[in-house]
Amino acid sequence: MAVHAVFREKREFLLSRLERLGVRFDRAPDGTFYCWGSVAGLPKPMSDGMSFFRAALEQKVITVPGEFFDVNPGKRRSGRASRFRDYVRFSFGPSLPTLEKAVGRFEAMVRG
């Protein structure tokens, strides 16, 4: 299956390069083209999802902060931070050259 091989290559590329930067993945994705990683181990101010999102956006790379996925019906957890505040969703859907460019920008951003 050619499609599976292409996405496997992009997934492995993105996971390995982000892990070298300090992004931690609880588990590798096996049915989507997104990876869900904790940025808590990155240098401040990029060690939470919203801060990472904003810094990446300045580099013209879009990620999605994990707290956007924290369903909180009825606002029952008011006053508490999202349990996903240290997470970011990264997509490996784009082409490999686009991912290479994005990861290069993440590396420059994190290493300052």
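Arg 83 and Asp 70 form a salt bridge, with their closest N and O atoms 3.2 Å apart. Arg 83 lies in the loop between β3 and β4, and Asp 70 lies in the loop between β3 and β4 too, so the pair ties together parts that are 13 residues apart in sequence. Please keep in mind that this is a predicted model.

**Burial around the loop pair**
- Arg 83 counts as exposed, because its relative accessibility is 57%.
- Asp 70 counts as buried, because its relative accessibility is 13% and buried means under 20%.

**Other salt bridges**
- Glu 107 meets Arg 17 in a salt bridge whose closest N and O atoms are 2.8 Å apart.
- Glu 107 belongs to helix α3 (residues 96–111) and Arg 17 to helix α1 (residues 2–21), so this pair ties together parts that are 90 residues apart in sequence.
- Both Glu 107 and Arg 17 are buried.
- Arg 27 and Asp 30 join their side chains in a salt bridge, at 2.7 Å from N to O.
- Arg 27 counts as exposed at 59% relative accessibility, and Asp 30 counts as exposed at 63%.

**Strand pairing**
- Strands β2 (residues 34–38) and β4 (residues 87–91) run antiparallel and are joined by five bridges.
- Gly 37 has Val 88 in β4 as its bridge partner.
- Strand β3 (residues 64–65) also pairs with β4 in the antiparallel sense, over two bridges.
- Val 88 in β4 stands opposite Pro 65.

Methods: Residues numbered from 1 in each chain as written. Predicted model: local features only at pLDDT ≥ 70, side-chain atom pairs only at ≥ 80, totals over all residues. Heavy atoms only, no water. Pairing = 2+ DSSP bridges. Helix = DSSP H or I, 4+ residues; strand = E, 2+ residues; numbered from the N terminus. Salt bridge = Lys/Arg side-chain N within 4 Å of Asp/Glu carboxyl O. Buried < 20%, exposed > 50% of the residue type's maximum accessible area, 1.4 Å probe, protein only.
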